[in-house]
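Open the model in your viewer and keep the selection tool handy. We will go from stop to stop, and at each one you will learn what to select and what is there.

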Amino acid sequence: MKIRRIAIVLTIGIILSTAPAVDAEDFSQPIEFSHKNHAGKNEIPCEFCHTYARRSNSSGAPSMESCIGCHRVVKGTDESQVEQIAKLIEFWNNKEIIAWKKIHDVPDFVHFSHKSHIRVGIDCTDCHGDIDQLDLLSINTMINDLSMGWCLECHKTAQPTINGKIISPVRNFRGGSIIQEVKSQAAEGTLTGSTDCYACHK
Ligand code: HEC
Ligand code: HEC
Ligand code: HEC
Ligand code: HEC
Ligand code: HEC
């Protein structure tokens with residue numbers, strides 16, 4: 001029992017020490033935004049809002065235009081939704097940018113690009129989990145620690161491919177649930193990432 005507790009404390013220690021520079025204790029965003037309501041229930045594709053999921057300080061955050069198109073009309077149903085959407089409209093009317101806090105964050109000396117992963121068929125959910133099932137995101141909803149060990153574990157594993165794309169769960173749109181498993185198909189080749197220090201530390 002005691003050993004287990006120590007192990008847990010150590011694990012938490014490691015997670016905290018490698019975690020992005022956001023305070024997990026009182027983490028909150030300027031607006032309470034639910035991925036479950038947008039990507040899940042309303043099936044809005046991830047890329048509609050995260051146009052390129054590119055690295056930037058403002059967290060590859062969606063542009064206001066992508067929100068306002070709908071929220072000129074959609075005012076919310078329950079009290080909390082109405083309140084949060086009213087905040088959004090206020091930001092828009094004041095021409096203010098919403099300063100979303102970044103959650104997933106690798107240190108600056110690490111080179112990471114979404115493009116090189118998405119282009120070979122790795123799905124958003126492989127690295128980020130079932131975001132479309134979550135109401136509020138935070139460090140606690142992250143499914144991995146973004147450590148070097150995590151990157152390397154996948155980079156060392158030969159992933160079966162068809163037509164040069166990694167065989168992973170396929171969704172008919174990026175937003176909704178996984179609808180199709182293609183693991184039963186015969187692989188034609190494999191793909192691995194680089195373990196060369198220079199690939200990730202330029
Ligand atoms: C394709 C339409 C669409 C787009 C684009 C869209 N929303 Fe929504 N949003 C909705 C719908 C539908 C609801 C649920 C309203 C309801 O149930 O009455 C909602 C609800 C909300 C709520 C209430 C809390 C919640 O999440 O349920 C907030 C806040 C919100 N949206 C913010 C945003 C922001 C910020 C953006 C841009 C990044 C955005 N929305 C883009 C359709 C959209
Ligand atoms: C309607 C617009 C919208 C859609 C659709 C959407 N997102 Fe988001 N996403 C946001 C907004 C706004 C934020 C910032 C607020 C937050 O962290 O919840 C965000 C934050 C995130 C973050 C955390 C960013 C960080 O700083 O680490 C991840 C990861 C993410 N989204 C992944 C996804 C994935 C995967 C999908 C598809 C399943 C998706 N999103 C669909 C608007 C959207
Ligand atoms: C191979 C793993 C992997 C895949 C696949 C992946 N992400 Fe990420 N994502 C990351 C990592 C690592 C970060 C932190 C990057 C940084 O700090 O530079 C991140 C950060 C983000 C962020 C925060 C803003 C940013 O760009 O740093 C958003 C939003 C996001 N991802 C959305 C998505 C969406 C949407 C998809 C699918 C289109 C996706 N991710 C696919 C690993 C992944
Ligand atoms: C789920 C598996 C997976 C994870 C997790 C992952 N990668 Fe990759 N990554 C790949 C694969 C597969 C490729 C090879 C793509 C190709 O051959 O075009 C790749 C390519 C890359 C490349 C382009 C250079 C190269 O290796 O060909 C960089 C840079 C990279 N990854 C960095 C990272 C970093 C940094 C992390 C962790 C923060 C990470 N990756 C996490 C699977 C992954
Ligand atoms: C696939 C991507 C990838 C490759 C390949 C890679 N690293 Fe890293 N490395 C990372 C990431 C991500 C971090 C940041 C880890 C964190 O924030 O916890 C990191 C962190 C580090 C650090 C800082 C450690 C610390 O405690 O802060 C050193 C030093 C390092 N790497 C050296 C190397 C060397 C040497 C190699 C080659 C043998 C290498 N890396 C290969 C992704 C990679």
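Start by selecting residues 79–93, which form helix α5. Helices here are DSSP runs of H or I with at least four residues, and strands are runs of E with at least two, numbered from the N terminus. Helix α5 has 15 residues and reaches 21 Å from its first C-alpha to its last, close to the 21 Å expected at 1.5 Å a residue. That expected span is 1.5 Å times one less than the number of residues. As you turn the view, remember that an α-helix has 3.6 residues a turn, so residues three or four places apart point the same way. Now step just past α5 to Lys95, which takes a positive phi of about 55°.

A word on what you are looking at: this is a predicted model, where local features need pLDDT of at least 70 and side-chain atom pairs count only at pLDDT 80 or more, while totals for chains, interfaces and linings use all residues. Residues are numbered from 1 along each chain as its sequence is written, and chains are lettered from A and ligands numbered from 1 in the order in which they are written.

Next, select the sheet. In what order do its 3 strands lie? The order is β2-β1-β3, in an open sheet with antiparallel pairing; two strands pair if DSSP finds at least two bridges between them. At the edges are β2 (165–166) and β3 (189–191), each pairing on one side only.

Zoom in on β1, residues 159–162, which is joined to β3 by 3 bridges. Look for Thr161 with its partner Gly189, then Gln159 with Leu191. On the β2 side there are 2 bridges, and Ile162 stands opposite Lys165. The hairpin of β1 and β2 has 2 residues between the strands, and Asn163 there takes a positive phi near 50°.

Now pick ligand 4, which is surrounded by 21 residues, counted when the C-beta atom, placed from the backbone, lies within 6 Å. The closest are Phe112, Cys151, Cys154, Gly193 and Ser194. Which helix gives the largest share of this shell? Select α8 (148–156), which supplies 4 residues.

Finish at ligand 2, with 24 residues around it. Cys46, Cys49, Ile103, His104 and Cys124 are the closest.
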